Amino acid sequence: MPHTPITYGVDYYPEQWPETRWAEDARLMREAGLHVVRLAEFAWALFETAEGTFEWAWLDRALAVLGEAGLKVVLCTPTPTPPAWLTETYPDCLNVDERGVRMSPGTRRHICANHADYRRLAMRITEQMAARYGKDERVIAWQTDNEFGCHDTIRCTCPSCEPAFQHWLEARYGSLEALNEAWGTNFWSQRYSAWSQIQPPRPAPADHNPGLLLDFYRFSSESWVKFNAEQVALLRQHAPGHLITHNLMIYFFHFDHYQVAQDLDFVSWDNYHHFGAQPVTVAANHDLIWGAKEKNFWVIEQQVGQVNWSVYNPQFPPGMLALKAMQAIAHGADGILYFRWRQARKGAEMYHSGLLDHAARPTRALAEAALLGERWETLAQALEGIEPAHDAAILHDFASHWALERQPHTRSLNFQAESDEPLLFAGDEPLQSIAPMNRAGLYLLPMYEALWRNNLQAAIISPEGRLERYRVLFAPQLHIATASHAARLRAWVEAGGSLVVGPRAGYKDESNGLHEVPQPGPLAELLGGTVREFDTREPGNTVELDFGDEALQAGVWCEVWEPAPGTQVLATYGRNRDGSLPYYAGQAAVLYRRLGKGQVITLGTMGGWQLIEYLLPQLGLSAPIVTPMNVEAVRRGPLLFLLNHTEQQQEVTVPRAWGDLFDKKKVEEKVRLAPYGW
Amino acid sequence: MPHTPITYGVDYYPEQWPETRWAEDARLMREAGLHVVRLAEFAWALFETAEGTFEWAWLDRALAVLGEAGLKVVLCTPTPTPPAWLTETYPDCLNVDERGVRMSPGTRRHICANHADYRRLAMRITEQMAARYGKDERVIAWQTDNEFGCHDTIRCTCPSCEPAFQHWLEARYGSLEALNEAWGTNFWSQRYSAWSQIQPPRPAPADHNPGLLLDFYRFSSESWVKFNAEQVALLRQHAPGHLITHNLMIYFFHFDHYQVAQDLDFVSWDNYHHFGAQPVTVAANHDLIWGAKEKNFWVIEQQVGQVNWSVYNPQFPPGMLALKAMQAIAHGADGILYFRWRQARKGAEMYHSGLLDHAARPTRALAEAALLGERWETLAQALEGIEPAHDAAILHDFASHWALERQPHTRSLNFQAESDEPLLFAGDEPLQSIAPMNRAGLYLLPMYEALWRNNLQAAIISPEGRLERYRVLFAPQLHIATASHAARLRAWVEAGGSLVVGPRAGYKDESNGLHEVPQPGPLAELLGGTVREFDTREPGNTVELDFGDEALQAGVWCEVWEPAPGTQVLATYGRNRDGSLPYYAGQAAVLYRRLGKGQVITLGTMGGWQLIEYLLPQLGLSAPIVTPMNVEAVRRGPLLFLLNHTEQQQEVTVPRAWGDLFDKKKVEEKVRLAPYGW
Amino acid sequence: MPHTPITYGVDYYPEQWPETRWAEDARLMREAGLHVVRLAEFAWALFETAEGTFEWAWLDRALAVLGEAGLKVVLCTPTPTPPAWLTETYPDCLNVDERGVRMSPGTRRHICANHADYRRLAMRITEQMAARYGKDERVIAWQTDNEFGCHDTIRCTCPSCEPAFQHWLEARYGSLEALNEAWGTNFWSQRYSAWSQIQPPRPAPADHNPGLLLDFYRFSSESWVKFNAEQVALLRQHAPGHLITHNLMIYFFHFDHYQVAQDLDFVSWDNYHHFGAQPVTVAANHDLIWGAKEKNFWVIEQQVGQVNWSVYNPQFPPGMLALKAMQAIAHGADGILYFRWRQARKGAEMYHSGLLDHAARPTRALAEAALLGERWETLAQALEGIEPAHDAAILHDFASHWALERQPHTRSLNFQAESDEPLLFAGDEPLQSIAPMNRAGLYLLPMYEALWRNNLQAAIISPEGRLERYRVLFAPQLHIATASHAARLRAWVEAGGSLVVGPRAGYKDESNGLHEVPQPGPLAELLGGTVREFDTREPGNTVELDFGDEALQAGVWCEVWEPAPGTQVLATYGRNRDGSLPYYAGQAAVLYRRLGKGQVITLGTMGGWQLIEYLLPQLGLSAPIVTPMNVEAVRRGPLLFLLNHTEQQQEVTVPRAWGDLFDKKKVEEKVRLAPYGW
């Protein structure tokens with residue numbers, strides 16, 4: 001598999017501007033050092049003006065103008081936005097959400113992946129485009145569709161999805177008897193006597209069966225995975241020399257990124273810094289995207305100023321654009337494309353900044369992009385084929401995420417909760433502050449943050465990933481666990497790995513039922529113990545973890561563990577925040593065991609990043625460089641990126657003298673970083 | 001009518017476990033001292049596998065295994081969960097909520113009581129079960145359905161309900177003219193010229209007519225009352241020797257408990273300690289359930305650990321299960337059945353604790369249940385036929401509740417409000433803290449709490465109840481009042497009763513209109529005055545009540561009363577919390593009058609429990625035993641229950657030496673109670 | 001056009017009370033000095049008992065009784081409440097909201113203005129009424145319908161509206177090509193190839209095209225404007241001597257008041273003092289209503305005590321009713337009618353106070369109304385033909401409002417936001433406190449408040465209004481601006497006007513797209529500069545405005561301006577609230593230029609009233625009378641109204657001795673005002 005290409009470019013919608021302007025735009029792009037343009041996203045109505053009537057002339061002309069200016073092109077399949085004639089002709093292709101509300105046309109992603117006519121027409125426009133531009137040398141890559149899952153559109157309960165779901169279940173279970181057994185349909189008289197009785201989860205008085213829910217979520221995810229795969233197959237056939245990618249997004253977790261990534265040459269993502277995002281959460285996003293395929297990626301939409309959709313939409317201060325781009329590169333981005341070239345004058349996104357403003361004036365952002373453009377050649381040579389260093393990996397499993405999504409069991413772990421209330425405290429200080437849009441990272445982020453604060457780098461990968469590349473693994477939410485997970489992890493530990501497992505591990509089987517053995521189910525032997533019972537605690541009601549030499553704070557979820565012989569108790573529960581003793585004071589909260597050449601630490605409770613930081617020495621990890629808060633040091637091959645995310649000047653002491661990639665002069669051990677500098 | 005039987009048992013779902021396990025489960029139940037098992041709840045799909053095809057073999061076998069172990073059985077009609085084939089065949093039996101959303105199948109209570117086919121099939125399965133097991137000696141009782149009203153399902157606006165509602169109205173009013181007059185349909189052109197024009201209250205731009213709303217709520221309640229009565233009739237016919245009960249729930253107030261109770265031999269309820277519940281609110285629930293039939297009851301589902309549905313779901317600490325059971329018994333429970341025997345592995349309730357955990361390990365809860373099991377024989381002998389002592393009764397009227405539900409007139413009295421903001425203050429101290437799920441008790445709880453803190457016991461009964469059994473009556477929300485209410489209460493007062501009436505009394509007539517005379521309408525003569533006007537005050541904006549010798553705080557609703565000749569003004573309004581004077585300062589807030597041998601106190605405003613406590617001496621009530629906060633002393637016949645709801649050790653001085661029921665040795669006047677002890 | 005008549009009266013619903021009571025009611029009205037009665041609102045079902053069957057006898061009798069008592073009458077067309085037979089016969093006349101929910105009958109305003117049969121029958125009942133009572137001398141005026149826009153009912157997405165909207169668009173744009181261009185439908189593949197493809201904005205995954213939204217809002221507004229105009233035409237034809245009005249409401253901004261007003265003889269409004277309303281917001285309402293036609297108005301529904309629909313509904317303290325009436329008169333009300341004569345006993349508004357209570361007892365409110373009644377003759381003579389003095393005008397544009405409504409771009413400017421969080425701070429003091437129901441006034445109120453606190457009076461008028469009458473103009477939200485706006489304002493400034501323009505001016509073209517030139521688009525030359533970029537800031541994150549001699553606070557929206565040659569920078573941005581510097585520190589925030597004989601001040605950011613107050617001297621404005629906080633001095637012709645909105649006694653020094661209108665004796669310079677006095 002070839003390297004992800006090193007690319008610097010911009011997203012452009014020529015169809016939104018007069019044709020007479022195109023050449024000037026192309027000239028300005030080149031002047032800013034940009035050499036790739038993404039085109040044709042959402043342009044279906046312009047390609048197919050009536051069913052079966054295709055018009056390519058305008059794109060031909062755009063390619064000509066851009067090509068003449070020396071720009072290469074990434075094309076997008078326009079399938080998230082069916083033309084108005086399509087939804088008028090086939091109104092039942094409009095998707096239906098979990099409240100049973102049928103979407104109307106006029107925006108985007110209002111369609112059902114399982115509707116036969118939509119699907120047929122989506123593949124036909126893909127094939128037509130691929131056939132026409134698949135051999136075009138100006139085109140270097142394709143983006144399939146746009147942001148699967150955007151606007152919560154993965155899960156559709158429409159009449160087309162109902163039989164599709166039934167067939168999917170039939171294929172999965174073979175017989176109704178097997179399904180009834182797996183889901184436990186003797187509960188609440190849910191037993192099915194015909195496949196046709198099974199419905200997607202629509203509004204109901206009480207909670208649907210977790211088995212049905214998880215399978216519906218899998219089915220929904222796979223519907224889009226297959227939709228993507230079908231497009232990829234057409235592109236591979238008609239555009240054999242071109243690379244294929246898709247643009248993932250922040251925490252759109254309703255489909256399995258690992259499965260989509262498998263079918264692509266590399267993944268891309270759209271890096272938007274919504275209100276409340278922090279340097280650490282953006283870093284985690286990069287590493288999550290890197291882990292989608294365990295390979296370098298593109299930021300195919302890099303924010304350049306304010307967005308139009310966050311609760312508050314502040315403007316980027318000077319330096320922010322370049323800093324965001326360098327952070328992406330440090331974490332493994334091989335391509336940076338800015339969204340968007342020029343701010344729109346019309347349509348729902350008109351308040352979204354561009355490198356030109358809506359009146360075509362160059363912005364501060366363009367100047368910053370050009371600054372990087374000047375250095376791009378140097379960067380590209382240094383980065384080619386170079387992956388970021390990873391000191392550890394964090395396992396992330398989508399099925400587990402979906403299971404936890406629907407059974408948080410406490411409002412504190414509800415990914416949709418609107419409240420920002422801190423969950424954990426040390427004294428009166430909140431230990432954690434997860435922004436609303438990052439609640440999906442409730443399990444993952446505290447572990448990630450502990451590493452990040454110590455400039456330790458972690459790829460966020462699938463439990464099916466290439467574990468052998470890592471020496472330390474964190475498993476914050478291995479909720480659904482099978483014998484095969486257990487065997488795979490055991491072999492890895494025995495070979496010398498250090499594994500840290502978080503609470504709620506191994507509770508569920510593949511059908512989202514509880515294992516018939518005590519928690520952690522099939523992981524019990526690996527972790528060296530079982531859960532006797534667990535408690536949940538309301539926000540702020542923390543409990544001490546007594547490690548002997550240190551007392552740390554935990555809360556939210558508290559498992560009482562019974563260690564197996566040979567397993568050590570690393571920490572027991574201590575006092576409540578109000579000084580009283582919980583009934584499980586003195587009982588095991590954190591376990592430790594050696595196994596073969598490796599070791600396993602099991603956390604029966606949730607702490608802040610401090611808890612994980614405390615464990616780092618035991619895992620053989622320590623900060624390679626110490627930096628001030630929100631100054632990030634990231635290693636990518638021989639390169640060290642120092643990123644100052646603060647608005648103050650900062651100073652960093654690096655462990656040895658280093659060369660400056662751009663200045664070619666030696667850098668002393670003390671590096672001074674300007675505000676937002678690098 | 002026979003006594004409610006003394007029973008100790010558990011809820012069991014053999015159909016959810018391998019048949020090979022049943023005998024071991026039965027053995028463990030008996031070992032824990034349990035002697036009754038509730039079975040077959042929700043099992044319709046297993047009894048009727050296709051329309052008209054019945055299968056009883058599995059239940060026969062379960063009864064055999066359990067019976068051999070010496071266990072008696074309570075059977076449930078499985079009607080809250082129609083099988084999937086039923087909703088597939090008759091999709092229009094699915095209920096429609098007040099937003100107009102049709103429910104989908106897959107959970108429970110998704111059906112309309114007025115749908116002809118559902119109704120027919122529900123009665124057929126009831127009759128079939130009754131016919132088969134009605135003479136079985138292992139069976140001692142039946143539970144109809146499960147938790148009417150759960151998940152807000154009483155009120156259905158579906159097309160089956162529309163004509164049913166019209167017929168109900170026709171029967172109630174006789175003529176459209178009478179209905180138009182009663183509802184005042186000259187308002188907003190609402191006049192009906194045909195019965196067919198009347199619809200259930202569906203989404204509309206503004207508020208529906210209160211007359212229509214109240215009648216729709218009555219109709220909805222009666223739909224389920226009749227549904228239950230029809231099942232009871234079938235059971236009485238086919239299972240003549242068996243007792244019949246139904247399991248009520250916490251504050252499911254959309255149907256009239258008093259009407260349902262009339263048709264049962266005794267009532268049961270499901271005692272769940274949601275997050276935010278307090279000992280006093282659980283005590284009030286018991287007394288509310290006792291009052292449903294003014295008779296001892298069962299807790300047919302007693303929580304044993306964490307539930308799966310509250311906002312936060314903490315685990316029970318040691319001692320809590322037994323304490324909860326003893327509290328129930330003290331308040332008149334003759335039966336305790338634990339929910340559930342074994343934690344489920346599948347289905348929506350899998351995070352609900354059982355006496356065995358999901359992996360069949362005995363829990364702390366089982367050990368506690370067994371402790372009580374050992375003492376059950378002693379308890380049973382002492383309790384047989386013995387009712388709790390009641391120092392007073394509190395009147396609770398469902399129609400008044402429904403009227404207040406839809407016209408709270410201030411957000412403070414909105415039963416659905418999500419906010420927890422305290423309503424009343426003394427200085428900076430909030431006087432009241434009603435948990436979200438108890439908002440339905442906004443009127444009732446302050447009165448109850450004053451009694452409870454003084455270890456005074458109150459049955460919560462219907463205004464149609466047996467008033468003659470009580471010396472003191474509280475009427476916190478006698479909002480809809482008729483001449484017959486007035487006459488009944490007057491006779492009771494004249495015979496020597498002490499009556500305390502809360503604000504908003506007698507505002508409404510039976511059609512939910514205002515009386516044509518001043519408030520309190522037909523109660524004016526009884527209370528000895530009329531309301532001149534009333535004010536509402538936002539949360540925290542309290543006002544002093546000047547009793548001459550004492551100043552107490554009130555707020556939320558402030559009526560200005562004009563006493564009739566001979567009526568005393570007990571308290572007038574004083575200063576606002578900010579020190580200023582309200583315009584009604586000095587005017588009458590609390591009235592007092594003597595009437596025959598009795599007395600009446602009328603509260604024109606809402607205070608905390610302190611206000612009621614202040615009045616106790618006047619009512620001839622005083623604490624029989626003084627206990628620390630959250631230590632409850634409850635008298636049931638010759639028995640005194642001392643219940644320590646705190647996690648600290650507590651000491652209580654009892655007025656005389658007492659015998660310990662279990663130890664048989666004399667107890668001194670000072671009783672030491674362990675944390676959660678009794 | 002004749003003066004608005006001077007009128008004192010009450011709203012009466014004889015159909016809700018026994019006919020035997022009418023004469024007594026009439027007598028009491030006269031006794032209180034009331035001489036006009038508004039009748040027949042909502043009475044359609046009583047006029048047309050079945051389709052085509054009309055009954056007028058009851059109204060004839062009511063007119064007779066009232067006329068005999070010497071009362072004049074205002075009649076209402078009863079069209080907001082179609083009878084039950086109408087919605088039963090034509091169920092598709094029920095409107096559908098933007099969530100796609102079809103309304104049900106039973107309340108009011110549940111109908112679609114574009115439904116042919118409803119429209120036909122609404123006009124027929126109007127014509128029938130007009131034909132019958134159009135020559136009746138007891139009738140002096142007509143009110144069309146009631147409160148257009150109440151309960152959010154302007155915007156209907158029903159199947160009748162869909163083709164009506166398409167035809168409206170066809171008439172507006174002529175060709176699909178023009179529409180596609182205007183809306184920018186190349187964005188997201190929205191291009192329409194047939195008119196039939198265009199739908200009203202129904203539920204969709206993402207935001208609809210702003211062009212479509214604004215046109216739909218215009219169409220929706222015009223639907224009701226035309227509905228009103230059609231009624232007016234019938235009334236003019238059949239009731240030639242009668243005046244015509246309509247009752248507007250607080251911030252029901254979904255239809256264009258200026259357009260409705262054009263067709264009326266004068267406007268009326270319903271003055272309700274919801275919880276959280278303040279004297280300044282009520283004053284602003286009066287001036288907004290005055291500006292609807294730039295003519296005196298009626299308060300046709302004046303609140304008399306508590307309402308039934310606010311979050312909290314406190315009672316009016318003594319003096320409040322008369323104070324509210326006097327405030328209305330001061331601001332240009334020529335008529336005061338109280339809502340309502342007697343509190344209802346039935347229907348959704350039964351908790352709404354009346355001058356009589358529900359039991360027909362006279363209330364404090366009646367006594368206060370009578371007090372004013374005694375003085376009415378004096379008042380009427382003094383007020384006839386006299387308009388309030390206006391020191392300035394504030395421009396308010398509905399299309400701009402609708403554009404800002406759907407693209408607030410920051411939660412702070414979301415008119416629907418539920419939060420009350422203060423937006424601006426000076427130190428720790430919040431600068432602004434806009435009550436939830438006044439959020440629609442977010443742009444307008446700070447400017448208004450600055451004037452109001454200085455007893456300066458401002459009419460709130462349309463940009464198409466009679467600018468020549470004013471010396472100072474404020475334009476807080478001139479968001480959609482055209483060349484014609486620019487030319488009109490320029491001519492006005494050049495002639496000597498002082499113009500103050502707020503942020504977000506001139507961003508949008510008439511199709512709700514961004515202009516293709518920099519902001520402020522066509523206003524750039526007038527304002528003397530362009531916006532380089534803008535920032536948004538979260539609540540509380542204020543920034544200093546450095547005026548050289550003074551530092552004020554601003555926030556929420558911060559534009560960085562580039563002044564044109566000759567334009568002065570009045571203020572630049574300074575420090576953030578936390579002391580740090582924003583990146584645009586030192587850049588232009590407020591511009592100033594002279595133009596012809598006039599001047600223009602442009603505010604690039606939002607401040608509290610303090611910012612505007614600081615600018616008053618520059619505008620040649622200063623407080624004519626200095627009064628304590630919440631004591632208002634209002635000038636209407638030769639009359640000076642002093643209104644004490646506080647519950648304390650207050651003292652005001654007036655600039656010269658004045659005569660008391662009622663006492664006829666000279667008033668010294670110091671006037672003492674009782675609590676709520678005038």
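Residues are numbered from 1 along each chain as its sequence is written, and chains are lettered from A and ligands numbered from 1 in the order in which they are written. In this predicted model, local features need pLDDT of at least 70, side-chain atom pairs count only at pLDDT 80 or more, and totals for chains, interfaces and linings use all residues; side-chain values use heavy atoms, with hydrogens and water left out.

Two copies of a chain are related by a rotation about an axis and a shift along it. Copies were superposed by least squares on the C-alpha atoms of residues with pLDDT of at least 70 in both. Chain A is laid on chain C by a turn of 120 degrees and a shift of 0.0 Å along the axis, with an RMSD of 0.1 Å. In chain A, the C-alpha nearest the axis belongs to Val101(A), at 5.7 Å.

Helix 6 of chain B covers residues 161-173. Helices (H or I, at least four residues) and strands (E, at least two) are DSSP runs, numbered from the N terminus. The 13 residues of helix 6 reach 18 Å from first C-alpha to last, close to the 18 Å expected at 1.5 Å a residue. That expected span is 1.5 Å times one less than the number of residues. Buried residues in helix 6 of chain B include Cys161(B), Phe165(B), Trp168(B) and Tyr173(B). Here buried means under 20% relative accessible area, exposed over 50%, and partly exposed in between (1.4 Å probe, protein chains only). The buried residues of helix 6 of chain B fall within an arc of 165 degrees seen down the axis, so they line one face of the helix. The arc is that of the directions from the helix axis to the C-beta atoms. The face turned away from the buried side carries the exposed residues His167(B) and Ala171(B). Helix 7 (176-183) and helix 8 (210-238) of chain B are among the elements that cover the buried residues of helix 6. Contact means heavy atoms within 4.5 Å. Gly174(B) follows helix 6 of chain B and has a positive phi, near 80 degrees.

Ser220(B) lies in helix 8 of chain B. Ser220(B) is buried, with a relative accessible area of 1%. A polar atom of its side chain lies 2.7 Å from the backbone oxygen of Phe216(B). Ser220(B) also touches Ile154(B) and Arg155(B), not counting residues up to four places away in sequence.

In chain A, His645(A) sits in the loop between strand 26 (639-644) and strand 27 (650-653). His645(A) is buried, at 11% relative accessibility. His645(A) and Lys324(A) are 321 residues apart in sequence, yet 9.0 Å apart in space, C-alpha to C-alpha.

Two cis peptide bonds are described in chain C. One runs from Phe339(C) to Arg340(C), with omega near -5 degrees. Another runs from Gln519(C) to Pro520(C), with omega near 5 degrees.

Terms used. A polar contact is a pair of N or O atoms within 3.5 Å; within protein, one must be able to donate a hydrogen and the other to accept it, and residues adjacent in sequence count only if both atoms are side-chain atoms.
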